[in-house]
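Colleague: I would like to go through how the contact between two chains is read. Please start with the terms.

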2 protein chains.
Amino acid sequence: MKSVKSISRTDEAYARLKDDIRANCLAPGHLEPEPELAARLGMSRTPVHEALIRLEAEGLVEIVPRRGARVLPISADDMREIYEILTALEPEAAACLAARQPSEKEIDPLDQATQDMTDALDKGDLDRWVEADDRFHQTLLRLHGNKRLAAFVGALFDQSHRARMVTLRLREPPIISTAEHRIILEFLRRGDAEGTREAFRKHRQRTSVELISILEDYRLPHL
Amino acid sequence: MKSVKSISRTDEAYARLKDDIRANCLAPGHLEPEPELAARLGMSRTPVHEALIRLEAEGLVEIVPRRGARVLPISADDMREIYEILTALEPEAAACLAARQPSEKEIDPLDQATQDMTDALDKGDLDRWVEADDRFHQTLLRLHGNKRLAAFVGALFDQSHRARMVTLRLREPPIISTAEHRIILEFLRRGDAEGTREAFRKHRQRTSVELISILEDYRLPHL
DNA sequence: AAATATTTTAACGTATACATAGATGTATTT
DNA sequence: AAATACATCTATGTATACGTTAAAATATTT
């Protein structure tokens with residue numbers, strides 16, 4: 001049975017704009033007046049404006065009075081901010097999850113995600129790799145159960161998505177990252193909270209350094 | 001010179017509603033239709049609706065289709081979520097700040113805040129105590145410099161404000177808390193990152209346990 | 001020609017209008 | 001009297017209208 005819950009125009013505008021931003025269809029820095037956006041989306045200004053307020057709250061756009069909405073660019077400093085937070089939050093959540101010894105059934109989607117990462121890596125499909133990577137992290141937080149934490153980390157993932165996609169293509173395939181996920185999963189299975197925390201922290205610190213140095217080495221100030 | 005930057009109606013509605021929620025003038029769970037809110041605030045529905053979208057994004061209200069806006073109640077579980085995040089983030093940020101050896105001039109507002117806490121405690125002025133406590137935490141994060149982190153922690157403070165105010169009045173005066181801030185400040189001054197982190201973590205863990213057990217002992221499921 | 005003043009344009013903020021759909025209240029039936 | 005069906009009411013979602021004001025374009029002056 002299909003869930004036809006008559007999506008509102010505001011939700012539609014929100015979803016489409018967010019997708020366009022993530023997919024880099026709307027370039028970072030791009031400024032577009034509301035009437036244009038409304039025309040492009042085939043609706044009036046009202047739902048577009050409401051969607052923009054939500055996107056602004058999530059840190060994806062900036063509403064510039066009398067100019068329109070700007071797609072917020074991401075700088076190396078932004079990535080430092082984002083990864084500092086992820087490094088503090090995710091290992092803690094993972095350790096907490098490990099401590100309560102999740103069942104194999106709960107762990108299964110994480111297992112699936114790591115397999116998909118390996119698979120995508122073999123086939124050189126980086127888009128699918130990132131999708132599986134995201135899925136791993138989001139699933140882990142969902143299992144942990146702290147909704148506020150999951151939502152916030154999700155917003156940070158959205159903000160950094162474009163930059164991650166670009167840098168991923170400027171470096172060697174993410175073999176180490178994939179392996180680290182498998183290690184984290186193994187500690188989780190064993191219910192080893194400390195091991196999980198440290199493995200996750202190491203993973204985040206490494207990816208953080210790697211990502212930011214690419215941004216700086218390639219002189220990519222804004223993505 | 002007065003900064004008369006002609007505040008927008010949306011901003012006005014946002015600020016007034018947020019203040020009313022923080023001050024418990026709008027009871028938790030309270031549901032009010034937009035037209036009523038608009039009439040009360042002396043403006044049309046549009047800016048009220050836009051303010052509500054922002055407040056919803058910040059986790060203070062929930063927009064219920066065809067019913068109006070509900071002031072979100074805070075449960076013991078919500079407080080667990082919030083304090084888990086604060087415990088992970090704040091000690092990390094404080095340690096990082098300590099590591100870069102802030103100047104005495106930078107530290108001064110923190111010093112001021114702890115003095116104000118001591119002062120308020122002596123005079124039994126709990127409102128002022130909470131204000132100074134909030135100021136300490138927000139100032140520390142501002143000094144640390146991670147804007148996303150500061151904004152998110154600020155939102156969590158707003159969400160938990162009512163519950164903190166109530167529980168504060170159901171227990172002994174916050175002598176230990178006040179002292180702990182002084183200790184954290186001392187480690188900061190010395191540039192002792194590890195000491196700062198541990199002192200802060202201990203502070204958060206203690207306040208967390210204290211607060212949540214009051215909520216549960218007094219059977220206060222929602223505030 | 002460059003700089004300034006003026007006019008024109010247009011985007012936003014806000015109010016209002018209206019259709020829809022859910023909630024409330026009333027009447028009817030059993 | 002309780003339950004159900006019907007009618008009314010009302011809040012929302014969305015479109016549209018309009019005044020204000022910033023930006024852009026044009027004209028004017030130096």
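Modeller: A polar contact is a pair of N or O atoms within 3.5 Å; within protein, one must be able to donate a hydrogen and the other to accept it, and residues adjacent in sequence count only if both atoms are side-chain atoms. In this predicted model, local features need pLDDT of at least 70 and side-chain atom pairs pLDDT 80 or more, while totals for chains, interfaces and linings use all residues. Residues are numbered from 1 along each chain as its sequence is written, chains are lettered from A and ligands numbered from 1 in the order written, and side-chain values use heavy atoms, without hydrogens and water.

Colleague: How many residue pairs are in polar contact between chain A and chain B?

Modeller: Between them, 16 residue pairs are counted, both residues at pLDDT 80 or more. By class (Ala, Val, Leu, Ile, Met, Phe, Trp, Tyr, Cys and Pro nonpolar; Asp, Glu, Lys and Arg charged; the others, Gly among them, polar), the side of chain A that touches chain B has 11 nonpolar, five polar and nine charged residues.

Colleague: How many salt bridges does the rule find across the interface?

Modeller: A salt bridge needs a side-chain nitrogen of Lys or Arg within 4 Å of a carboxyl oxygen of Asp or Glu. Four are found across the interface of chain A and chain B. A:Glu81 pairs with B:Arg148 in a salt bridge, with the closest N and O atoms 3.2 Å apart.

Colleague: What is the area buried between chain A and chain B?

Modeller: Buried area is the accessible area (1.4 Å probe) that two parts lose on being put together, summed over both. Here the value is about 2000 Å², with 55% from carbon and sulfur atoms. A:Glu81, A:Glu84 and A:Arg148 supply 31% of the area that chain A buries against chain B.
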